[in-house]
Every structure is written in C-alpha cells, then in structure tokens.
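Have the sequence and the 3D view open side by side as you read.

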Amino acid sequence: CGALGMPVAIHTSDPEAFFLPIDRFNERYAELNAHPDWSFHGQDYPSDRELQEARLRVIARHPKTRFLCLHVADAENLPLVGDWMDRHPNMLVEIGARIGELGRQPRTARRFFERFQDRILFGSDAIPRGEDYPQQIFGDALYEIYYRFLETEDEYFDYAPARKPPQGRWRIYGLGLPETILKKVYHQNAERLLAL
C-alpha cells in the first residue's frame, strides 16, 4: 500500500467500557446490556492496551504507508493519541461515531483538532437501525449534530438523534472550530489522502 500510495483504514479496539464488567458502574451499561456480544470483558480477548500496541507496531513497521485510524484511534484518551501521532507522522484519524467522546472533553478536543488539523478526517460511521433508531430520523438529523459539534460552541446537547442515547447517558459540547480547520476536516484532508 505504501509503494502504491494507497492509505489503509484500520479499526482497532473499542471504547474502554467494552473491556469492563457489564454492571451498574459501566457508563455504557444500557448499550452493552442490549448488545452483550459487544463486550470483551472476561473472555479470551487481548486487552484494549494490547490491541492498541499491536496497531502501533504495524504503523511503525510501515512508515511509508498512511494509516487512517478509525474512531480517532482512542477518542477517550486524546493526549495518548497525540503522542502516537507525534511518533508516527503516517498516522491519521477520522471522527466517525466518536463525537460522543470528543464532545465530553471539548477543550482537549479543540486543542487536538488545532494541533492535528491536517491529519483529521470527517466520518460518521454508519446509520444505526433498530427500534431505538427509526431510520427516518437519521440522515440530515445526524449530520446536523455533527455540524453543531464541529461548528458551534453550543453547550450540553444530544450527540445522536435517538429517543435513548445509544452509547451512554451524557451530552456533549461544541468545539466552534474556525473555517480553515473545518475545510480541512470536511474535505481537504481526505482529498489530499486520496490524491483527488
């Protein structure tokens, strides 16, 4: 891929809560209770840290290949992701399905976007389906929340257009990014990565 200039999208690990017991202390209890097969706790799986380190070894071993780490690599620990990106200039991230984590730490997230503005891509992951996610309310409503998160300094709003919060019972804050960074995140970084 490096020789051909083809980027590699790589998904490794999941939110920290997926590696913890599914009990009343887990902030994603409702999500994991509804989807117990998403849990990696107490089963024959590597730890979150082992998975992260394995991905970093691959990125380090192939410095001429650009790796797009999905879901911000570890959206719950932006200082650590920043350290990884400092060590690996071939590492980029996208924000799909992680504004719930990013919007809980708006000052840290804004600094992260400012620092790595040339290496962050817009993403929304997938449109959820099911009884808690009526298909007709997604589409524009989902993108409006992403735009609100990135473009405004609004406070304490829902991170998904759903009756019940899909990941956890919290709200997020907007980053209010400037136009120059927004253009990079929305399209310029992807155009450069894909040589468009």
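Ala-97 sits in the loop between strand E3 (91-94) and helix H4 (99-102). This is a predicted model, and in it Ala-97 has a positive phi of about 60° even though it isn't a glycine. The rest of the briefing takes in another residue of that kind, then other loop and helix residues, and the whole chain.

- As background, most residues other than glycine have a negative phi.
- Ala-97 goes against that with its phi of about 60°, and its relative accessible area is 16%, so it counts as buried, the cut-off being under 20%.
- Ser-13 is another non-glycine residue with a positive value, its phi being near 70°.
- You'll find Ser-13 in the loop between strand E1 (8-10) and helix H1 (29-34).
- Ser-13 is also buried, at 10% relative accessibility.

- Ser-39 belongs to the loop between H1 and helix H2 (48-61).
- What does Ser-39 touch, once residues up to four places away in sequence are set aside? The list is Phe-18, Leu-20, Ile-22, Leu-32 and Tyr-45.
- The Ser-39 side chain also has a polar atom 3.2 Å from the backbone nitrogen of His-41.

**Lys-184 in helix H7**

- Lys-184 is part of helix H7, which covers residues 179-193.
- Is Lys-184 buried or exposed? Lys-184 is buried, because its relative accessible area of 18% falls under the 20% cut-off.
- The side chain of Lys-184 makes a polar contact of 2.8 Å with the side chain of Gln-117.
- Neighbours within four places in sequence aside, Lys-184 is in contact with Gln-117, Asp-118, Ile-120 and Asn-189.
- So Gln-117 turns up both as the polar partner of Lys-184 and in its contact list.

- Tyr-147 is in helix H6, and at 38% relative accessibility it counts as partly exposed.
- Which residues does Tyr-147 touch, not counting those up to four places away in sequence? They are Thr-152 and Tyr-186.
- Tyr-147 and Tyr-186 are 39 residues apart in sequence, with their C-alpha atoms 9.8 Å apart in space.
- Pro-178 lies in the loop that runs between helix H6 (140-151) and H7.
- Pro-178 is partly exposed, at 34% relative accessibility.
- Along the chain, Pro-178 and Glu-151 are 27 residues apart, yet 7.5 Å separates their C-alpha atoms.

- Asn-77 is placed in the loop between strand E2 (67-69) and helix H3 (78-87).
- With a relative accessibility of 24%, Asn-77 counts as partly exposed; that follows because partly exposed starts where buried, under 20%, stops.
- Asn-77 is 25 residues from Leu-102 in sequence, and the two are 9.5 Å apart, C-alpha to C-alpha.

**The chain as a whole**

- How many helices and strands are there? The chain has seven helices and four strands.
- Starting at the N terminus, the elements go β-α-α-β-α-β-α-α-β-α-α.
- The radius of gyration is 17 Å, which agrees with the value near 16 Å that a compact globule of 196 residues would have.
- Along the principal axes, the C-alpha atoms fill a box of roughly 45 × 45 × 30 Å.
- Of the 196 residues in the chain, 44% are buried.
- Take the contacts between residues at least 6 apart in sequence: 65% of them join residues at least 24 apart.
- The chain exposes about 10800 Å², and 51% of that comes from carbon and sulfur atoms.
- On the charge side, there are 25 positive and 30 negative side chains.
- The centres of those two sets of charges lie 4 Å apart.

Conventions: Residues are numbered from 1 along each chain as its sequence is written. This is a predicted model: local features need pLDDT of at least 70, side-chain atom pairs count only at pLDDT 80 or more; totals for chains, interfaces and linings use all residues. Side-chain values use heavy atoms; hydrogens and water are left out. Helices (H or I, at least four residues) and strands (E, at least two) are DSSP runs, numbered from the N terminus. Buried means under 20% relative accessible area, exposed over 50%, partly exposed in between (1.4 Å probe, protein chains only). A polar contact is a pair of N or O atoms within 3.5 Å; within protein, one must be able to donate a hydrogen and the other to accept it, and residues adjacent in sequence count only if both atoms are side-chain atoms. Contact means heavy atoms within 4.5 Å. The radius of gyration is taken over C-alpha atoms; the globule rule is 2.2 Å times the number of residues to the power 0.38. Accessible areas come from the Shrake-Rupley method with a 1.4 Å probe; for residues, only the protein chains shown count as cover. Lys and Arg count as positive and Asp and Glu as negative; His and the chain ends are not counted. The place of a charge is taken as NZ of Lys, CZ of Arg, CG of Asp or CD of Glu.
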